[in-house]
Amino acid sequence: MRLKVLACDVLARELYGCAARAQHTVHLALLPQGLHDNSDTCRARLQADIDAVRPDLYDAVLLGYGLCSNSLAGVRAGATRMIVPRAHDCITLLLGSKERYARLFAEVPGTYWFSAGWLDSAEEGREQFAPMANSGLGPTYRRDWNELVAKYGEENARYLADFMGQWEKHYTRGVLIEFEFTQHLGLAARVRRICEEKGWTFETVEGDLGLIQAGFDGEWDPARFLLVEPGQVVRASYDDGILAAGPPPCACGQGACKGSPA
């Protein structure tokens, strides 16, 4: 098969490794990590790229995304069937399954996850997008202190910086998802320093690329992947399956007519 993969570039290292071992031809297209800050922008960008995939060139479109703050809710398969991992976000893709993610989350709910891609993104100044008003991120959470001062004045900048740092108080532990091919990067020392600065405990867990590899190898077990036929729309299922698919909402806009998603 020839597979088109649309994925977040926060997973670049892991995706390229899996693509090199894939049983099928994999063409990767990486989208900016900052898209996750605005689900509407992410959804629109994904939809445009999905619609551009030619069915005469590819047998399926694979998404390297989870539900990701409902970014996938409303995304429609184009002329080619679409395969989506059953995942809340990219942490599931790095841990190998939604079940493992759920178990580790239940052990320590206040966990902030780190990976090579997330650390790279924080330092490389990659393309950013305005967060949604209800995202909890705010428009200034990544900005440099001097930029805040220049735009808002020192007193207001101090207030904004403190306000945007409130999210950190919900976390008590930082966990680095490590792979053998990232150990030479010294990520553990970097994350340990971050955790010490924030007063978090620090741990590492071994990553598992089994879910990504299964997607690239065409092993689309319905328990692990959502298969979306041409024209069908993805929606949140609000159950252990995370995602579901069905026909698009009816033209009347009510979403409750015969044939519309349940």
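This text goes through a predicted model, from its nonpolar cores to a cavity and then to some loop residues.

In soluble globular proteins, nonpolar side chains tend to be buried together. In this model the largest nonpolar core has 57 residues. Leu46, Leu63, Tyr65, Met82, Trp113 and Phe216 are those with the most contacts inside that core. With neighbours within four places in sequence set aside, Met82 is in contact with Ile50, Val61, Leu63, Val75, Arg76, Ala77, Leu226, Leu227, Val228 and Val234. Another core lies apart from the largest one and has nine residues, including Phe114, Leu176, Val191 and Phe202.

The next topic is empty space inside the protein. Rolling a probe the size of a water molecule over the atoms shows where empty space is left. The structure holds one cavity of 30 Å³ or more, and the largest cavity has a volume of about 110 Å³. Its lining is made of 13 residues, and Leu63, Gly64, Pro85, Ile212 and Phe216 are the ones that lie nearest the centre. S3, S4 and helix H9 (210-216) are the elements that give two or more residues to this lining. Of these, H9 gives the most, with four residues. Sorted by class, the lining of the largest cavity has eleven nonpolar and two polar residues, and no charged ones.

Ser69 counts as exposed because its relative accessibility is 62%, over the 50% limit.

A further loop residue is Ile242, placed between strand S9 (233-236) and strand S10 (243-246). Ile242 has a relative accessible area of 4%, so this residue is buried. Which residues is Ile242 in contact with, leaving aside its neighbours within four places in sequence? They are Leu67, Arg86, Ala87, His88, Lys98, Arg235, Ala236 and Ser237. In the case of Lys98, the separation from Ile242 is 144 residues in sequence, while the C-alpha to C-alpha distance is 9.1 Å.

How values were computed
Residues numbered from 1 in each chain as written. Predicted model: local features only at pLDDT ≥ 70, side-chain atom pairs only at ≥ 80, totals over all residues. Heavy atoms only, no water. Core = buried A, V, L, I, M, F, W, Y, C linked by side-chain atoms within 4.5 Å. Buried < 20%, exposed > 50% of the residue type's maximum accessible area, 1.4 Å probe, protein only. Contact = heavy atoms within 4.5 Å. 1 Å grid on protein atoms, 1.4 Å probe; cavity = no way out; pocket = protein on both sides within 12 Å on 5 of 7 lines; lining within 4 Å. Points joined across faces, edges and corners; volume = space filled by probe spheres on them. Nonpolar A, V, L, I, M, F, W, Y, C, P; charged D, E, K, R; others polar.
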